[in-house]
Amino acid sequence: MHRFAEGSNCRYVYEMISSATDRPTWRNTWRWIAGLAACGLLGWWAFVRDARVPLLTLVNLGFHELGHLLTYWLPSVMTAMMGSINQVLVPLLLAGYFLWGGRDRLAAALCLAWAATNAQEAAVYIADAPFQQLPLIGGHHDWGFVLGPQHFDILNRAGLIAACVRGFGVALLLASLSICLAGLLGFLSDPPPRLRSTGGRAHGASDHHGGDPGDWGVLDAGRGSCPGVGSGRG
């Protein structure tokens, strides 16, 4: 009888925690609204204004140059390409990290929008290859070099390649907006809160120790009510 009651308490605690994390709240609603606005602003700036996003473009430039630096040992054509590739790849990897296991879908959406702006920057760079009119650091045009007669010799297709890269960026932007919209409409829930145990380690909500001094408590079901909640005797 005692075991049955203990199991019922466990189910009650876990259901309470689960419903608390899944239930839409004003805080979650405003987070998704802010995320939707941020992704929309990034998309508008990059694709409608056709301009580089202030401040963010400096971060993009850093990852672009890092791509060159990390691949300097590869053939020169690969080193030239990796600047643009890396500035798109970094936010995509971050988006994958945040999406994996449902860690933070809002952060993933923002990273996808960021990757979209990088794809647009790369598309503009590629389209400029036949003309080489963009102001550049160092004066060496990566895509003029890659698509030029020294390597692929397809400068006449630079516009088509740029359009494909731009289309990829638009797809990333739409994905980011879709995630935010799904979260706003309640189709996505936040991950369970991480609580601190007495040992100083982070645990899921089901690992909560009721009432111990080191806890960040949201629920105290009483000691001994179920495994992982309280100290449990008997």
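Select T117 first. Leaving aside residues up to four places away in sequence, T117 touches L42, A46, V53, L56 and N60, where contact means heavy atoms within 4.5 Å. T117 sits in helix 5; helices (H or I, at least four residues) and strands (E, at least two) are DSSP runs, numbered from the N terminus. Its relative accessible area of 3% makes T117 buried (under 20% relative accessible area; exposed is over 50% and partly exposed in between, with a 1.4 Å probe and protein chains only). Now show the backbone of W114: its oxygen lies 2.6 Å from a polar atom of the T117 side chain.

This is a predicted model, in which local features need pLDDT of at least 70 and side-chain atom pairs count only at pLDDT 80 or more, while totals for chains, interfaces and linings use all residues. Residues are numbered from 1 along each chain as its sequence is written, and side-chain values use heavy atoms, with hydrogens and water left out.

Next, select H64, in helix 3. H64 counts as buried, at 7% relative accessibility. The H64 side chain reaches the backbone oxygen of G83 at 3.4 Å. Not counting residues up to four places away in sequence, H64 touches G83, S84, Q87, Y125 and D142.

Now display helix 3 (residues 56-70) together with helix 5. Their axes come within 11 Å and cross at roughly 70°; axes are lines fitted to C-alpha atoms, for helices over the stretch in contact, and angles run from 0 to 180 degrees between N-to-C directions. Helix 3 and helix 5 are therefore roughly perpendicular to each other (65 to 115 degrees; under 35 counts as roughly parallel, over 145 as roughly antiparallel and the rest as oblique). On the helix 3 side, pick L56, T57, V59, N60, F63 and H64, which meet W114, T117, N118, E121 and Y125 in helix 5. This contact has five nonpolar, five polar and one charged residues (Ala, Val, Leu, Ile, Met, Phe, Trp, Tyr, Cys and Pro count as nonpolar, Asp, Glu, Lys and Arg as charged, and the others, Gly among them, as polar).

N60, F63, H64, L66, G67 and H68 of helix 3 meet T79, A80, M82, G83, S84, N86, Q87 and V90 of helix 4. By class, the residues are five nonpolar, nine polar and no charged.

The crossing of helix 4 and helix 5 is left-handed. Residues in the contact include S84, Q87 and V88 of helix 4 and R105, A107 and A108 of helix 5. They divide into 16 nonpolar, three polar and two charged across the contact of helix 4 with helix 5.

Finally, zoom out to the chain. It has seven helices and two strands, in the order α-α-α-α-α-α-α-β-β from the N terminus on. Of its 234 residues, 37% count as buried.

Terms used: Left-handed = near helix turned anticlockwise from the far one by under 90°. Polar contact = N/O pair within 3.5 Å; in protein donor to acceptor, adjacent residues only side chain to side chain.
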